Each structure stands twice: as structure tokens, then as C-alpha cells.
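Visitor: Please show me the model, and then we can go through it by question and answer.

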Amino acid sequence: MHSLSHLFLNPGDRRFWAGFTALGVLFLLLVPALNLLLPADSALHVPNYMVTLIGKYLCYAILAMAMNLVWGYCGVLSLGHGAFFALGGYAIGMYMMRSIGARGVYGNADLPDFMVFLNWKELPWYWLGFDHFWFAALMVMAIPGALAFVFGWLAFRSRINGVYLSIVTQAMTYALMLAFFRNEMGFGGNNGLTDFKDILGFDLSQDATKMGLYLLTTLVLGATFLLVRFVTASKLGRVMMAVRDAESRVRFLGYSVTGVKLFAFTLSAVLAGIAGALYVPQVGIINPSEFSPANSIEIAIWVAVGGRGTLLGPVLGAFAVNGAKTWLTGAAPELWLFALGALFILVTLALPKGLVGLWAGLRARVTEKSND
Amino acid sequence: MTDDTLMDQPHGPGIAAPGTILYVDSVTVSFDGFRALNELSLVIEPGELRTIIGPNGAGKTTMMDVITGKTRPDQGDVLFDGHVDLTKMTEDQIANLGIGRKFQKPTVFEHLTVFENLELALKCKRDTLSTLLFRLSGEQQHRIDQVLGTVGLKDKPRMLAGALSHGQKQWLEIGMLLMQDQRLLLLDEPVAGMTDAETEATAELILDLHKDPHHSLVVVEHDMEFVRALGARVTVLHEGSVLAEGSLDAVQANAKVVEVYLGR
Ligand SMILES: Nc1ncnc2c1ncn2[C@@H]1O[C@H](COP(=O)(O)OP(=O)(O)O)[C@@H](O)[C@H]1O
Ligand SMILES: [Mg+2]
């Protein structure tokens with residue numbers, strides 16, 4: 001009770017709830033209304049493809065918030081978060097493969113098409129259980145979480161920090177990419193998992209299903225917001241920031257830096273897995289390229305562009321960078337990587353606090369002017 | 001390197017130093033062959049206040065690093081409370097045993113407020129889950145207010161620590177040490193960069209802490225004026241070993257000490 005009233009009282013909190021409500025109205029009410037209620041020829045109509053595109057960005061936004069939790073607040077620059085995202089995506093993809101049943105090209109009810117093609121006779125043990133949604137949903141969180149926990153425990157306990165941690169996480173996602181490319185791994189190799197038909201009985205080709213996935217993603221983003229806020233507003237959140245600023249000093253106060261980083265890293269990986277699981281049904285495919293090291297670097301760039309260590313920054317960054325990417329890869333695809341590199345340099349040199357910092361700076365200047 | 005057979009022995013029964021709060025026995029620390037500590041031995045009794053002096057590079061800070069788990073000694077024993085072997089513990093475990101430290105270079109969390117810095121130092125359960133669910137009790141709030149007053153930052157609880165002056169940061173760090181309520185307090189040059197008035201106030205604060213027999217204090221300092229004000233037993237370190245020990249007057253009269261301080 002005390003904690004709830006405390007949340008509502010101070011001005012920073014009121015700003016948070018105002019922003020939270022505004023985002024909720026925009027994504028939960030405005031976008032669906034403009035899609036469903038306006039005629040297709042209206043200038044304000046949001047076409048179906050746009051709903052799915054925004055849904056995809058919302059997944060990226062969740063991923064960016066996850067990254068921000070561990071990097072922006074705790075100072076751990078993981079460049080392997082694409083792997084947790086992809087693992088969540090594979091887990092839900094396995095469920096959707098199993099729900100295809102006998103409707104595949106080979107009409108085999110017991111095996112996914114790619115296994116029939118490889119002449120496999122029975123389902124590998126690690127596919128067992130994935131015909132149940134609840135099991136897949138659990139694995140969406142458990143697999144990235146467990147990997148992050150074990151990997152993080154080894155790395156943080158040995159005090160692998162800074163650029164070394166970034167390098168080993170890049171190596172982790174790269175190794176997973178190579179493994180998932182192999183047909184013998186049993187995850188569809190090069191092609192990955194695709195040709196999904198339905199999820200929980202809902203036909204994935206239906207607009208209503210797509211809208212449902214979009215709305216679900218919005219709700220999960222909202223929940224992620226509240227969770228990240230709960231963590232960062234707690235004393236543990238302040239310890240995380242202290243670890244970011246002066247790690248060894250925190251140890252002398254009696255906190256286990258390994259424990260704090262492990263908590264942030266594991267929670268962040270679970271959130272990234274959930275983002276991946278929401279992403280895959282909306283785009284219809286998951287393949288090993290999701291593990292590519294460059295993907296993980298891009299996530300860090302979204303966060304840097306939006307403003308790390310801020311609640312809203314990662315969401316803004318994910319939308320801004322991916323919006324630019326969608327536009328530019330349509331207009332001049334060969335320029336995208338250069339643009340991304342330039343953006344990163346610009347943000348690092350000129351905008352250390354990203355778009356959120358830019359906005360705060362502008363606001364401060366305007367207030368100053370009006371006071372003159 | 002460490003002797004394997006020694007490592008394998010369970011600590012406790014083999015080495016014990018009853019009636020001491022800190023027991024340092026022939027500790028050696030080398031950095032690339034250079035011996036920062038050279039068979040250093042030192043015993044602090046419960047409730048004692050000890051000052052440590054010595055020229056720059058004598059190994060004073062390194063000694064604190066060894067006691068607090070930051071640096072592992074190449075050889076030697078370090079016992080807390082007469083029986084706990086500190087050489088095998090991590091920094092956070094040692095802090096939770098009851099050893100607190102104020103660093104030579106003031107290190108506060110610059111992006112947190114003065115209040116938040118003190119709150120992080122507060123004595124309480126410090127495991128990750130308890131920290132996540134922590135709520136400040138009225139009593140704890142009161143304690144923070146009290147320490148804010150003691151360190152002269154009563155009107156600045158919401159100020160970012162990074163915005164404090166050098167002297168204020170020193171005080172904030174002393175405040176953080178107080179918040180931890182430790183049994184053994186190590187202060188590394190606590191008055192460096194302080195004005196005379198601040199130095200005097202710090203001496204008073206240390207003497208005040210010393211009144212409580214629950215506290216044992218080790219204070220490293222250059223400022224002789226300050227050391228005299230503390231009026232405690234003095235240990236002189238030189239090239240990683242103890243050169244002399246006794247009252248300030250006695251060590252100042254010691255020929256070896258005079259040579260180290262004036263002879264070059
Ligand atoms: N991490 C380190 N690496 C190499 N040399 C060190 C390190 N720490 C301390 N030293 C050296 O050990 C000696 C003792 O240093 P220190 O304990 O800081 O002395 P004091 O605090 O008495 O001035 C110095 O010569 C210093 O250069
Ligand atoms: Mg020193």
C-alpha cells in the first residue's frame with residue numbers, strides 16, 4: 001500500500017504515468033481504431049501491413065528495453081542479446097511447426113517437413129513437449145534465461161568486464177549462429193523454421209490474428225515498462241547504477257556485484273526471449289541469421305540513439321532506427337550499414353544521452369529563454 | 001607462490017589469534033617482483049584506535065587492500081576477530097563480516113544523490129532479492145538523517161554526489177562508513193584536501209567513534225597535527241614493513257624513523 005501511494009506522488013512519477021498513458025492510448029487505441037474504423041481510402045487509414053510493421057517495432061522496443069536494463073542501468077554492454085531474442089523466437093517457432101501437423105508438404109503428422117526431407121525417422125528428444133503451447137511459452141523464457149544465467153555466472157564471477165564481456169557475448173551469438181546453420185542440429189538449418197499455419201488455433205493469415213498479436217505485443221511492452229520501472233526504482237536499481245559507475249566500490253559496501261549483474265543479465269535475457277517469441281509469429285519465420293553478431297550490435301545502437309539509462313529512450317531508439325532502416329533499405333539498401341555506422345558515431349560523439357537527452361536539453365533551453 | 005599444503009589446511013584450528021580484532025602476520029605482496037608489502041605484521045586489539053604513518057609508497061594503501069580483499073597476499077595470514085581468514089574471502093563477504101573502509105581518493109556514486117549514497121551504505125541484508133524488495137523503515141530514515149547531520153550535509157540530501165566539493169565528498173564517504181556500522185573501520189588519509197576546521201572536526205568524529213568499544217579503528221594519515229590530535233598508538237610503515245611502533249613522541253624520537261623521514 002505504502003509503495004503504491006509512493007509511486008503516484010512525486011513529479012517524476014506523474015511524468016512517467018503521463019507518458020505511459022499516452023503510449024497506451026497511441027498503440028492500444030489509436031492504431032487499431034485507424035486500422036479498423038476508417039475506410040481504406042482515407043488518408044488517416046492505417047493499412048494492415050503497417051499494423052504488422054508497428055507490431056514488429058514493438059518487439060524491437062521490448063528487446064531494446066531489455067538491453068537497456070543490463071547496459072543502460074547496470075553498465076554491462078552485452079553484444080549477444082540477439083541470441084536471446086532468437087532463442088525465444090525458435091522456441092515459439094518449434095511450437096508453431098508442431099501445430100502444422102499433417103498439413104505440411106509431406107503430409108507427415110509426426111515430423112516437420114525439414115526432418116522428413118533429411119530422412120529423419122523420429123522427432124529428436126529436444127523437440128518433445130513443443131506440441132504444447134504452455135511448454136513452448138515456458139521455454140521462451142527458460143532457455144534464454146538459463147543460457148544467460150550460466151554464461152553470466154561464468155563471466156561475472158571471473159570479473160570479465162567492459163570490452164572483454166562484449167567480445168565474449170559476440171562470440172556466444174556467433175557460435176550459436178554457426179550451430180543453428182547446421183542441418184544436424186535439428187532446427188531447420190539454413191532455412192530455419194517457417195510456413196507456420198496457426199498459433200493456439202488462430203489462423204496466422206487472418207487479419208484478426210495479426211491484430212491480436214499486435215495488441216498482445218503492446219500489452220507486453222506495457223508490462224515490460226512497469227517491470228523495468230519497478231526494478232530500476234528499487235534499491236537494487238540504484239545498486240545497479242552504482243555498479244555501472246564504480247563497480248569495485250559497490251563490493252566494499254557488501255553487495256555481490258556478480259549477483260547484481262547476474263540478476264540484470266538473466267532478467268534481460270528472459271525479456272529478450274519474450275520479444276523474440278512475439279516477433280516470430282508476426283514475421284512468419286525464424287532462421288539462424290537472427291543470431292548474427294551484427295544484429296546484437298544494432299540493438300545496442302537503438303538504445304544509444306534513444307538514450308540509455310532512461311525508461312523511454314530504448315523505445316524511441318528502436319522506433320527511430322528501425323523506421324529509418326525500413327525507409328532506407330527500400331530507397332537505397334546499400335547505404336544502410338554506412339548510415340548505421342554514421343548514426344552510431346554521431347550519437348557517441350554528440351548525443352551521449354540520445355534522443356531523450358536532446359529533448360531534455362531543448363526543453364531546458366526553451367524554459368531558460370522564456371525566463372529571460 | 002602459495003604453499004599448496006598450507007592452502008589445503010582448513011583455516012581456524014591451525015591459525016588463531018584470540019583477543020585480536022585484526023591480526024596480520026608476515027604478509028608479503030609483490031607487484032612484478034617489487035615488494036609493496038614485505039613480511040608485514042600488525043596486531044589491532046578490539047576497541048583500539050591505531051594510526052599508521054609512513055612515507056609515500058610505504059605500502060599503507062596496499063595493506064588496506066589486503067585486509068579488505070582487493071589484493072591477495074602472496075604469503076602470510078590475515079585474521080579478523082581472531083579466527084576468520086580474510087585471505088580467501090571476496091570484498092563483499094569481508095564487508096559483510098564487519099569491516100568498512102574509506103578510500104584515499106574519495107569514491108562516492110556520482111550519479112546518485114547524497115541520500116541514495118547513504119542508503120546504499122546502510123547496514124541491512126544485502127543479497128540481491130532483499131535489495132530488490134527493500135523498503136526504507138522509519139528507523140532507517142531517521143538514521144540517515146542523523147548521519148546527514150553528523151557529516152554536515154543536512155541541507156543537501158537530494159543533491160547529486162558528483163556535484164559536491166572535494167571536502168564534502170570526503171565527508172559523504174565518512175558518512176557512508178558510519179551508515180555501515182562496522183566493527184573494524186579503516187580510514188585511508190581521511191583528511192587529505194580538508195580545511196583545518198574540517199580536519200579538526202574529523203579528528204573529533206574519530207575520537208567519538210573510538211569511545212564506543214564496539215569500534216576498532218585504523219587511520220592512515222600524513223598530517224602530523226591530525227595524528228597528534230588522535231593521540232593514539234602509532235605504527236610507522238616503511239618499504240612494506242613496520243619500522244617502529246609506539247606513542248607519537250616515541251616514534252618521532254626514533255633514529256630510524258627520523259632517517260626515513262628526513263634522511264633523504
Ligand atoms: N596495483 C599495483 N601495481 C603495481 N604497483 C603497485 C600497485 N599498487 C601499489 N603499488 C606500489 O606499491 C607501493 C606501495 O603503494 P601504496 O600501498 O599505495 O603506498 P602508500 O599508500 O603507503 O603511499 C608503491 O610503490 C606503489 O607504486
Ligand atoms: Mg596510500
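Visitor: How far is the sulfur of B:C124 from the closest cysteine sulfur, and which residue holds that sulfur?

Guide: In this predicted model, local features need pLDDT of at least 70, side-chain atom pairs count only at pLDDT 80 or more, and totals for chains, interfaces and linings use all residues. Side-chain values use heavy atoms, without hydrogens and water, residues are numbered from 1 along each chain as its sequence is written, and chains are lettered from A and ligands numbered from 1 in the order in which they are written. A disulfide is taken as a pair of cysteine sulfur atoms within 2.5 Å. The sulfur of B:C124 is too far from its closest partner for a bond: the distance is 18 Å, to A:C74.

Visitor: How many disulfides are there over all chains?

Guide: A disulfide is a covalent bond between the sulfur atoms of two cysteines. By the distance rule, the count over all chains is zero.

Visitor: Which residues coordinate the magnesium ion?

Guide: Donors are N, O and S atoms within 2.8 Å of the metal (3.2 Å for Na, K and Ca); water is not among the atoms, so sites may look incomplete. At 2.1 to 2.3 Å, the magnesium ion (ligand 2) is coordinated by OG1 of B:T61 and OE1 of B:Q104. These two are 43 residues apart, B:T61 in helix α2 (residues 60–67) of chain B and B:Q104 in the loop between β6 (99–102) and α4 (114–121) of chain B.

Visitor: What is the relative accessibility of B:Q104?

Guide: Buried means under 20% relative accessible area, exposed over 50%, and partly exposed in between (1.4 Å probe, protein chains only). B:T61 is partly exposed at 27%. B:Q104 also counts as partly exposed, with a value of 33%.

Visitor: What distance separates a backbone N or O atom of B:G59 from an oxygen atom of ligand 1?

Guide: A polar contact is a pair of N or O atoms within 3.5 Å; within protein, one must be able to donate a hydrogen and the other to accept it, and residues adjacent in sequence count only if both atoms are side-chain atoms. For B:G57 the backbone-to-ligand distance is 2.8 Å. For B:G59 it is 2.9 Å.

Conventions: Helices (H or I, at least four residues) and strands (E, at least two) are DSSP runs, numbered from the N terminus.
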